[in-house]
Amino acid sequence: MSDRVERAKYGAAAVAGLKGSLPNPYPRTIGPNALKYLQEVLESGLTSNIMMRFEQAFAKEMGVRHCIATPGCTPALATLASAFAFEPGDEIIVSPVTDYGTVQGLIRENYIPVFADTAPGTINLSAETIAPCLTDRTRAILTVHKTGLVCDMDPINDLAKKRGLIVYEDVCQAVFSEYKGRLAGTLGLAAGFSFDSEKTMGSDVGGCVVTNDDQLAERIRFIGHSRGGQMQPNFGRIHAVPGYAHRMPSCTAAISLAQLEIIRPNVAQRDRMIRLLADLLAEIPGITPLPIPDYQTVYSCWMAGFSIDPAAFRCSADEFAAQAAKAGLTGAGTGRYYLMPAALPFLQDRAQNRVYPYSTPPASRTYAYSAETCPTAKAFLETFIRWSTFCEKYEPEHCALAAQIVRQVADANRI
Ligand SMILES: Cc1ncc(COP(=O)(O)O)c(C=O)c1O
């Protein structure tokens with residue numbers, strides 16, 4: 001590989017330096033007990049049970065039986081993928097508009113991610129877009145609640161039930177969002193969360209799996225925390241399955257526990273502000289904010305965004321976003337890179353060249369990954385502008401300023 005690759009940046013390295021007139025989530029708001037918990041970790045000589053206390057507190061707040069803390073959502077979902085123990089070549093339906101962390105574990109297990117398209121006008125998949133992707137090799141549906149907007153889960157669960165499929169959730173962007181009064185993360189068999197520093201419950205890095213299934217929870221601890229290692233009499237440790245060392249560090253648990261203590265007001269503020277912002281954006285001709293479905297009882301918004309009507313403006317979405325960023329809309333840009341089937345050249349190559357598991361068998365058919373396989377999502381992202389800095393620091397005056405900037409750019413480019 002060339003030395004000159006520009007490596008992607010994440011977290012504070014990607015966002016903290018962005019300039020603009022609107023709040024930047026960095027430096028992150030930190031729960032008042034963080035220092036106390038961190039001190040406890042150090043003064044205990046690393047014997048503190050803080051990770052277990054975080055797990056119990058998060059499970060209680062979510063109203064679930066189990067929380068298994070991990071170093072991030074990528075490892076959380078990788079552990080889940082491993083715990084499901086499907087066969088190589090089995091197919092998992094996934095939202096097409098997401099982050100690489102959603103699919104990394106599936107790829108490592110030699111499962112085949114099948115990207116269902118998004119539902120028209122939204123950023124999420126739906127039962128209707130999933131149905132045509134189902135085959136006799138489909139084993140699970142992994143829904144991603146993009147930007148904090150929850151997928152319409154009841155019809156997805158109905159469909160899965162009819163076909164005997166597992167449904168599970170990627171809740172990275174939707175911590176404490178609610179669907180018909182039920183928390184995202186409790187709407188399937190299990191869910192993965194991220195507490196990466198840029199996420200709503202930003203705790204440096206970190207994540208977890210939640211589930212009500214006792215056996216699955218035990219298996220996740222065995223694979224994810226114990227590296228699949230078990231004690232054998234007269235021998236010692238043997239490794240029964242190829243496990244991971246995906247334990248959340250104590251310092252992350254300390255920060256996560258402190259962040260959990262302030263998460264509900266944080267989410268409530270985001271919910272209020274994104275609804276206000278959406279109303280203000282909707283008043284601008286040619287601008288459509290991301291629609292908030294009626295079933296979304298709490299919108300824990302991680303990223304604000306809107307679509308532009310290409311027929312209404314002289315400029316492209318990229319130009320619109322660049323002008324908006326220059327006018328102060330901190331972090332405004334397009335989000336084409338979120339279209340996962342277009343963002344994984346290595347997977348495109350494997351599928352095209354029938355490299356395992358795309359050989360036949362274990363795959364049951366040929367696959368192709370490209371933007372064209374999800375035309376609705378592709379078209380949506382062509383005119384979608386998001387800003388990566390929406391956060392709990394927003395007040396009504398920031399929403400008014402954001403809408404004013406969008407209006408100003410819209411008026412300057414109107415046909
Ligand atoms: C939808 C989604 N899934 C997975 C991830 C990966 O999470 P983590 O960085 O905690 O591994 C992210 C992070 O950006 C995400 O937004």
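**Reading a predicted model, feature by feature**

Biologist: How far should helix α10 (residues 263–282) span, and how far apart are its end C-alpha atoms?

Modeller: This is a predicted model; local features need pLDDT of at least 70, side-chain atom pairs count only at pLDDT 80 or more, and totals for chains, interfaces and linings use all residues. Residues are numbered from 1 along each chain as its sequence is written. The expected span of a helix is 1.5 Å times one less than its number of residues. At 1.5 Å a residue, the 20 residues of α10 should span 28 Å. The end C-alpha atoms of α10 are 28 Å apart, which agrees. Helices here are DSSP runs (H or I, at least four residues), as strands are (E, at least two), and both are numbered from the N terminus.

Biologist: Which residues of α10 are buried?

Modeller: Count neighbours. A residue is buried if 20 or more other C-beta atoms lie within 10 Å of its own, exposed if 12 or fewer, and partly exposed in between; C-beta atoms are placed from the backbone. In α10 the buried residues include Ile263, Asn266, Val267, Arg270 and Asp271. Met273, Ile274, Leu277, Ala278, Leu280 and Leu281 are buried too.

Biologist: What covers the buried residues of α10?

Modeller: Look for contacts (C-beta atoms, placed from the backbone, within 7 Å). The cover includes α9 (250–260), β12 (287–289), β13 (296–298), β14 and α14 (396–413).

Biologist: Now helix α7 (residues 153–163). Which of its residues are buried, and which are exposed on the other side?

Modeller: Met153, Ile156 and Ala160 are buried. They cover an arc of only 60° around the axis, which puts them on the same side of α7. That arc is taken from the directions from the helix axis to the C-beta atoms. On the other side of α7, Asp158, Lys161 and Lys162 are exposed. The buried residues pack against α6 (127–130), β4 (138–144), β5 (166–170) and β6 (178–179). Just after α7, Gly164 takes a positive phi of about 65°.

Biologist: On to strands. Which way do the residues of β1 (residues 66–70) point?

Modeller: In a regular strand the side chains alternate between the two faces of the sheet. In β1, His66, Ile68 and Thr70 point one way, and Cys67 and Ala69 the other. 5 of the 5 residues of β1 are buried, so this strand is largely enclosed by the rest of the structure.

Biologist: In which sense do β1 and β9 (residues 207–211) pair?

Modeller: Strands of a sheet pair through backbone hydrogen bonds, either parallel or antiparallel. Two strands count as paired if DSSP finds at least two bridges between them. β1 and β9 pair in the antiparallel sense over 5 bridges. Cys67 stands opposite Val210 in β9.

Biologist: Which strands pair with β16 (residues 384–387)?

Modeller: β14 (residues 304–308) pairs with β16 in the antiparallel sense over 4 bridges.

Biologist: What is the order of the 3 strands in the open sheet?

Modeller: The order is β7-β6-β13, with antiparallel pairing. The edge strands are β7 (182–183) and β13; each pairs on one side only. β6 and β7 share 2 bridges. Glu178 has Leu183 in β7 as its bridge partner.

Notes: Contact = placed C-beta atoms within 7 Å.
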